[in-house]
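Subject: Structure for you to look at

Hello,

Here is the structure I said I would pass on. Please open it before reading the rest, and keep it on screen while you go through my notes.

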Amino acid sequence: MTKGYDVKRIVLVSDGTGGTARRLTDAALAQYDGSGVEYTVSHVYSQVRTRQQATSILKQLDPSCMVIFTIVETEIQRFFHKELEARGILHYNVMAWVLRKFTQFLGVDPHYRPGMELKMDDAY
């Protein structure tokens, strides 16, 4: 670590494996390589599907971190966003924007079920 600088801490929260949040975060952070800023993905919380789980995670966060999350279940998503806002924690739900645009394009609402990318059957 460079003296005099703090390492920027990024936390990923997902209702699935965290793979989508991780891939997007890695792709975005690649644009900052060699910038002199140090950062780390300090934790990946996966399978976050209840308000109790979200509350437990929130207790571990502070405004010095940034949270990237991929929670699709509407009630948990809204709760998590509202609590992060109230705590002054910079955050972004990467699935919300994408789902809004696909809904606009396809003309139908998504299922809002967590872990859909993991769904495997005989055809897989």
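This is a predicted model: local features need pLDDT of at least 70, side-chain atom pairs count only at pLDDT 80 or more; totals for chains, interfaces and linings use all residues.

Gln 47 sits in the loop between S2 and helix H2 (51-58). Its phi is positive, at about 60°, although Gln 47 is not a glycine. Most residues other than glycine have a negative phi. Tyr 112 is another residue to look up here: its phi is near 55°, a positive value in a residue other than glycine. Tyr 112 lies in the segment after helix H4 (94-106). At 34% relative accessibility, Tyr 112 counts as partly exposed.

Now the overall layout. The chain has four helices and four strands. Going along the sequence, they follow the pattern β-α-β-α-β-α-β-α. The chain has 124 residues, of which 30% count as buried. If you take the contacts between residues at least 6 apart in sequence, 71% of them join residues at least 24 apart.

Next, helix H1, which covers residues 19-29. Which residues of H1 are buried? They are Gly 19, Ala 21, Thr 25 and Leu 29. Seen down the axis of H1, these buried residues fall within an arc of 160°, so they line one face of the helix. What do they pack against? Their partners are strand S1 (8-14), strand S2 (39-45) and strand S3 (65-70).

Thr 25 is a residue of H1 to click on. Thr 25 counts as buried because its relative accessibility is 6%, and the cut-off for buried is under 20%. Setting aside residues up to four places away in sequence, Thr 25 touches Ile 10, Leu 12, Val 41 and Ile 68.

Val 44 belongs to strand S2. With 34% relative accessibility, Val 44 counts as partly exposed. Apart from neighbours within four places in sequence, Val 44 is in contact with Leu 12, Thr 17, Gly 18 and Arg 22. Val 44 and Arg 22 are 22 residues apart along the chain, and their C-alpha atoms are separated by 8.3 Å.

On to helix H3, residues 74-86. Phe 79 is in this helix. Phe 79 is buried, with a relative accessible area of 10%. Leaving out neighbours within four places in sequence, Phe 79 is in contact with Arg 51, Ala 54, Thr 55 and Leu 58. The C-alpha atoms of Phe 79 and Ala 54 are separated by 8.4 Å, although the two residues are 25 apart along the chain.

How many aromatic pairs are there? The count comes to one. The pair is formed by Phe 69 and Phe 80, with 5.1 Å from centre to centre and 80° between the planes. That makes the pair edge-to-face, because planes over 60 degrees apart count as edge-to-face. The pair links distant parts of the chain: Phe 69 is in strand S3 and Phe 80 is in helix H3, 11 residues apart. Both Phe 69 and Phe 80 are buried.

Last, the largest pocket. Its volume is about 400 Å³. Of the 16 residues that line the largest pocket, Ile 10, Leu 29, Tyr 32, Met 66 and Ile 68 are the closest to its centre. Which elements each supply at least two residues of the lining? They are S1, H1 and S3. H1 gives the most, with four residues. By type, the lining of the largest pocket divides into 12 nonpolar residues, two polar and two charged.

Regards

Methods. Residues are numbered from 1 along each chain as its sequence is written. Side-chain values use heavy atoms; hydrogens and water are left out. Buried means under 20% relative accessible area, exposed over 50%, partly exposed in between (1.4 Å probe, protein chains only). The arc is that of the directions from the helix axis to the C-beta atoms. Contact means heavy atoms within 4.5 Å. Rings of Phe, Tyr and Trp (its six-membered ring) pair if their centres lie within 6.5 Å; planes under 30 degrees apart count as stacked, over 60 as edge-to-face and the rest as tilted. On a 1 Å grid over the protein atoms alone, a cavity is a set of points where a 1.4 Å probe fits but cannot get out, and a pocket is an open set with protein on both sides within 12 Å along at least five of seven lines; lining residues have an atom within 4 Å of a point. Grid points are joined across faces, edges and corners, and a volume is the space filled by probe spheres set on the points. Ala, Val, Leu, Ile, Met, Phe, Trp, Tyr, Cys and Pro count as nonpolar, Asp, Glu, Lys and Arg as charged, and the others, Gly among them, as polar.
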